[in-house]
Amino acid sequence: MMARLMALALLAAAATGCAPQRAYHWGRYDAALYQHYQNPAEREAWLTSLKTTLLEAQQEGRRVPPGLFAEYGYALLEEGSTREAVVYFEKEKATWPESAVLMEKMIRNAGQRPVKPAGATGPATRAETRP
């Protein structure tokens with residue numbers, strides 16, 4: 001009887017004391033995405049939140065969720081930061097090999113878009129195309 005109580009106590013302690021850790025670092029992604037949908041004009045806050053989530057995951061040594069590098073890259077592409085977008089598409093492809101076909105297409109399409117030089121305020125120039 002005593003052994004049974006000890007076993008139950010150990011089982012209860014293990015179940016409550018060892019909460020499973022999330023497989024990926026999502027940060028405030030859900031809340032930030034919701035806010036972005038509610039207030040699309042506050043896009044800069046959304047971009048900052050995405051970048052913060054990525055940096056936190058890397059600093060904590062946690063995995064970035066599938067698609068988050070690509071989503072940030074696409075947001076950068078929409079902003080005209082083509083070169084930086086390609087960096088994040090490459091990170092997505094390296095982290096999630098199953099996304100390689102889509103990321104290659106995104107990289108190829110990004111090469112067809114105008115590039116906004118760093119610090120430039122004038123019109124964007126056409127990016128070099130990849131073979």
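**Before you start.** Residues are numbered from 1 along each chain as its sequence is written, and side-chain values use heavy atoms, with hydrogens and water left out. Because the model is predicted, local features need pLDDT of at least 70 and side-chain atom pairs count only at pLDDT 80 or more, while totals for chains, interfaces and linings use all residues.

**The whole chain.** Color by secondary structure and you will find 6 helices and 2 strands, running α-α-α-α-α-α-β-β from the N terminus on. Helices (H or I, at least four residues) and strands (E, at least two) are DSSP runs, numbered from the N terminus. Of the 131 residues, 31% count as buried; buried means under 20% relative accessible area, exposed over 50% and partly exposed in between (1.4 Å probe, protein chains only).

**Stop 1: α3.** Select residues 43-60. This helix has 18 residues and reaches 26 Å from its first C-alpha to its last, close to the 26 Å expected at 1.5 Å a residue (the expected span is 1.5 Å times one less than the number of residues). Now show the side chains of Arg43, Trp46, Leu47, Ser49, Leu50, Thr53, Leu54 and Ala57, the buried residues of α3. Seen down the axis, they fall within an arc of 160°, so they line one face of the helix; the arc is that of the directions from the helix axis to the C-beta atoms. An α-helix has 3.6 residues a turn, so residues three or four places apart point the same way. The buried residues of α3 pack against α2, α4 and α5, whereas the face turned away from the buried side carries the exposed Glu44 and Gln59.

Move on to Glu60, which lies in α3 and is partly exposed, with a relative accessible area of 47%. Draw a C-alpha to C-alpha distance from Glu60 to His25: the two are 35 residues apart in sequence and 8.8 Å apart in space. After α3 comes Gly61, whose phi is positive, near 70°.

**Stop 2: the core.** Select Trp46, Leu54, Tyr72 and Phe89. Of the 24 residues in the largest nonpolar core, these four touch the most other members. A nonpolar core is a set of buried Ala, Val, Leu, Ile, Met, Phe, Trp, Tyr and Cys residues joined through side-chain atoms within 4.5 Å. The elements giving two or more residues to this core are α2 (29-38), α3, α4 (68-79), α5 and α6 (100-110), and the largest share, 7 residues, comes from α4. Zoom in on Tyr72: not counting residues up to four places away in sequence, it touches Leu47, Leu50, Lys51, Leu54, Glu84 and Tyr88 (contact means heavy atoms within 4.5 Å).

**Stop 3: α5.** Select residues 82-95. Thr82, Ala85, Val86, Tyr88, Phe89 and Glu92 are its buried residues, and they cover an arc of only 165° around the axis, which puts them on the same side of α5. Turned away from that side are the exposed residues Arg83 and Ala94.

**Stop 4: α6 beside α5.** Helices α5 and α6 pack at an angle of about 170°, with their axes 9 Å apart. That makes α5 roughly antiparallel to α6, a term for angles over 145 degrees. Axes are lines fitted to C-alpha atoms, for helices over the stretch in contact, and angles run from 0 to 180 degrees between N-to-C directions. To finish, look at the contact, made by residues including Glu90 and Lys93 of α5 and Ala100 and Glu104 of α6.

Terms used: Parallel < 35°, antiparallel > 145°, perpendicular 65-115°, else oblique.
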